[in-house]
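User: I would like to go through this model with you, one chain at a time. Could you begin with the term we shall need for burial?

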Amino acid sequence: MQVFFQTLVGGLSLGAIYALVALGFSLVYRTMGLVNFAHADVVMIGAYVASTFYMSAKLPFVLAILVAIVSTGLIGVFMERVLRPLENKDFDLMLIGTIGFGIMLEAIAILVWGATGRAVPSPVKAAPLDILGVRIRTYSLVVLAIAAVATTVLILFLQRTKRGTAMQAVAMDHEAATAVGIHVGRSNAIAFAIGAGLAALAGGLAGPLLYVNPTMGASLGIKGFAAAILGGFGNIPGAILGGLAIGTIDAFAAGHFQGYSDLVTFLVFTVIIMVRPTGIFGERTVNRA
Amino acid sequence: MKLRLTGIAALAVVAWLLPYGLNSYAIHVVDVALIFAILAIGMGLAMGIAGQINLAQVAFFGVGAYATAILTTREGYGFWPAAALAMLAAAVIGLLVALPALRVQSHYLGIVTLGLAIAFLNWITNAPIAGGAEGISAIPVPPMFGINLFSEYLYYYLEAIAFLGALAFGLFVVRAPLGRRMRAMRDDALAAGAIGAEIPLLRMTAFVLASLYGGVAGVLYAGLIRYVAPETFSLATMFLLLAMVIIGGRQSLVGCVIGAIGLFLVREELTDFATSAQLAYGAVVVLMVVFAPTGLAGVPARLRAAWRKRHPQSSARAALRPFQPFPAAPTASSSQTAILEVRGVGKRFRGLKALDDVSLTVLPGEIRGIVGPNGSGKTTLFNVISGLYKASAGQVLLDGRVVSGLPSYQLSQRGVARTFQNLRLFGNLTVRENILVALDRTRTRSIWRYALWPIGVWRQDAALKGAAAALVDRFGLIDFAHAAPRSLPYGIQRRIEIARAMAAAPRLLLLDEPAAGLNGEEVGQLADIVRSIRASGVTVVLIEHNMGLVMSLCERVTVLSHGAVIAEGTPADVVATPAVIEAYLGDTTTMADVPIQIPSEATR
Amino acid sequence: MTQTTTPGHPADTAADGALRVDDLSVHYGGVCAVSSISFNLAPGHSVGIIGANGAGKTSTLKALMGLVPRSGGRVQLGDRDLTKVKARDMVRHGIGYVPEGRHVFPGLSVRKNLLLGAYVHSWRRQVDEPLSQVYELFPVLAEMGGRLAGALSGGQQQMLAIGRALMSRPRLLLLDEPSMGLSPKLIEDIMQALLRLRTEGLGLLLVEQNAKLTFEATSECLVMENGEVAITGASEELRHDPRVRRVYLGL
């Protein structure tokens, strides 16, 4: 029983990270109809930048993550600008374009930080908590808390602010959005930047939990994708639930199947997708004529 | 043509003599490059020709290699029997990957196929039978009638033959009816289905082809390196393959080969700067996607187009020739069984009622007009009849048999053809190829002939081309046969779409606003074409706004408004019906005091 | 009679002027959709553009807004040249646009849809007044404030689309086939609203297939056919002109 809860908590905190990845993904997809295959590599860059500023520059952990968020935000803006001519025109080519960016980001990571990767010490020095006999790493709770805050801020932004509402409107009908004065290109750029920022947050938080290396994007990415699709691509609450679900499945799969956990997760995901392609909450897609 | 043959002959000589000039390292590089070339062809077939996102190609590669390795080292099979089984395994995996492709496309497909690649990598890294991270070594040398294939020089010839065979077969498929259908599906799956392409089967075929090529590459790899390990089949390799195909030009198999060999050689040259090379080719992919989506292979075409823009041909301008009427069909006994019957059809879209209890009956040999104000449901009705939409209520019957709910390609097989309001021609196919796709009435299940009886395919293609030439001539499109439709004037594109619809030899032709955008003279030509089509025995139903055309062409007219039928009868009757006037003008009292005059045919 | 004014009279009248369209042309690929048409709209006046489907009415409106590229012609509002202005900036020049087919934002609430109409203004300070005026014009929108726009009926969505365009306090309202798919009763309601807006001084450019609605809602009309203006005249006179019926019914 103890093992079960420990695995569950571990799975939930990793799931919070997947949820953040999925959120960034879903946001970009929902606003631009673009599946960003470079998203996972942005997570990886975020992890590297955050850990560099935390470990080498000795910045406080939170500040290091903020630096990472700003840097990846800029990467996101750059990517959107380059791919803008293809927006609303050729989705397959845009997709391949993002893969190209992913390849570049991985190469940049190796050039800047080397290929071996690094372990990031936990920023929380407190001993693990003991609740009802279940040992919980304090850092896991910190991750859950930060993820919850970030999600709340995002939702508030989308639903309470003018820019956020405009972003949703662009996703639903970009011509009508233009008619009321919204700059569609700029809105997309902001969406991309926020998506990248969320990726950096996920990467920065993941540092102490996983081993930071240039290929960590693949596994994180595919699980983030799976989480987003599971919850219904483009659906914000769905991305969160999907992330937590995948994290939990992954944790239990790792416990029972060890190295095969990726395979198991993928199989579960494929089955769900075949049965219900729109995910648990149905896909809230961009309005594509 | 002669230039091409001499070029090919020269290449063949170079290829034959190549090993003599290379040291052992260089020949090894060439050997591996050829394997990647074969992989790239497979990927090009799935992605560039059939339009299916295929990020699992590296997994097919891996299945071929690992299956060979496991069967030879663990199960004691001989190399070639193991290779045969490995190919079978690759094909089976290809079929499995195709299953999601039936339900999802584009980005979903990308994720699923990528997930498969990762899952495969995960399995070979962990499974004991696959040797884990150490892989499998000591794969036996493939036996070949006393030739020692241990030598990489001699292995080169084996690969060269395999590569040539793979390329030849690939080019054969692309130029043959199957390849044409796949390209049509890639350009516009909806329109392809409407002219009879069985989309699900085509998608499966694309993936099986890609997996077979992956399997061949895997088998060759196992025989060459005689050691398989997970690093070779990683995501990095997958993305490298993708880059090869994009840079080379995914829609051209030769382009894929050039991209594969070129990028591979460049990478080998820059082994010491592997990561910078990766950064470079990632950047090239992004630039290509934005600026040169057709890749290197598309460069000659773009140069030619730019040249033509600067130096416009002063030679005789291409012109539309007059339409030659179809031979009239022998007058069939006036049949009273309706060819098309719509019974109480309703269609809802999330609460919006687009069609409301629509019923109509069309007799064979009629020309029926369907009219109504904007938003009255005319195109929705066509979409239900042609199988693009499923009716929420009611039935559609063709020759008395219920066809509602059948997908559009099955309706095409039963003799229903249509044109589209917004023109759906296959943009990357020539005019002649557009028509060739529709002429091809074979079922996908006969594709076994491609592997076992290619002569039959060749003969079929020749017959199709003959029929296409006749149809192109009939519709006056000779001068445009090899042009891309997009560049042609609108009126000509409309005529091409009708020609394509007629190529499918339909018994019922649905025309959706065929006169939209046509000038007076073109409308007259259209009317002649439609009358000739009817005279040849085809029933025509057309949606139109050009009332003059409807009046002079149609014997009966059905009027829709707000999704319901409000009038039906001869054009003269319908135009005088108060409900119709109200639907169009908003009020029967408007101009009620002004008499209506219907022009006779002579004055039109 | 209540003194509330409908949105449409901003204090700034510096650029208050007539809409002048000169030689407007639109080509889609090889097809000419609009062929060099010209017309004027004095401030506060109303002009209708009618014609059969495919006559080029919607293309004219979209080209005016800059939503489709113009292949020729000039657009001026008062002394301002709008020819180079981007579509998203048109609303800042006082032009409101109600697209064909409504195009409300289906996943957002009625209230949010309306607020977005005032995107170019401050939501804190400049939204309450136009919002209450729109609610007064279309009371049903006030009742449905929290409902998702996608769940509304066709007529309600049309009112919402018009209300959204009014939120930016435009001087000129462009409407594209507002009556499409609506029942006669709803068309009547919309017409009453348009008449009321007219009395408040809002300029109206109404593209319609429904000739009756257009003759009643506007003072002048253009009849388009094959991308050109076939007939122009006062709405009152065109009502009885047999040429109009010919253009519509091809007779």
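Analyst: A residue is buried if 20 or more other C-beta atoms lie within 10 Å of its own. Please note that this is a predicted model.

User: What percentage of the residues in chain C are buried, then?

Analyst: Of the 251 residues in chain C, 52% are buried.

User: And how many helices and strands does chain C have?

Analyst: Chain C contains ten strands and nine helices. The C-alpha trace of chain C spans about 50 × 40 × 40 Å along its principal axes.

User: Turning to chain B, which domains are assigned?

Analyst: The domain assignment of chain B gives domain 1 (26-232) and domain 2 (340-415 + 506-603). The centres of these two domains of chain B, taken over C-alpha atoms, are 50 Å apart. Eight residues from domain 1 of chain B and seven residues from domain 2 of chain B form the contact.

User: Which element gives the most to the domain 1 side?

Analyst: That is helix α8 (residues 189-194) of chain B, with three residues. The domain 1 side of chain B that touches domain 2 of chain B divides into five nonpolar residues, two polar and one charged.

Definitions and conventions
Residues are numbered from 1 along each chain as its sequence is written. Chains are lettered from A and ligands numbered from 1 in the order in which they are written. This is a predicted model: local features need pLDDT of at least 70, side-chain atom pairs count only at pLDDT 80 or more; totals for chains, interfaces and linings use all residues. Helices (H or I, at least four residues) and strands (E, at least two) are DSSP runs, numbered from the N terminus. A residue is buried if 20 or more other C-beta atoms lie within 10 Å of its own, exposed if 12 or fewer, and partly exposed in between; C-beta atoms are placed from the backbone. Domain bounds come from an automatic or database domain assignment. Two residues are in contact if their C-beta atoms, placed from the backbone, lie within 7 Å. Ala, Val, Leu, Ile, Met, Phe, Trp, Tyr, Cys and Pro count as nonpolar, Asp, Glu, Lys and Arg as charged, and the others, Gly among them, as polar.
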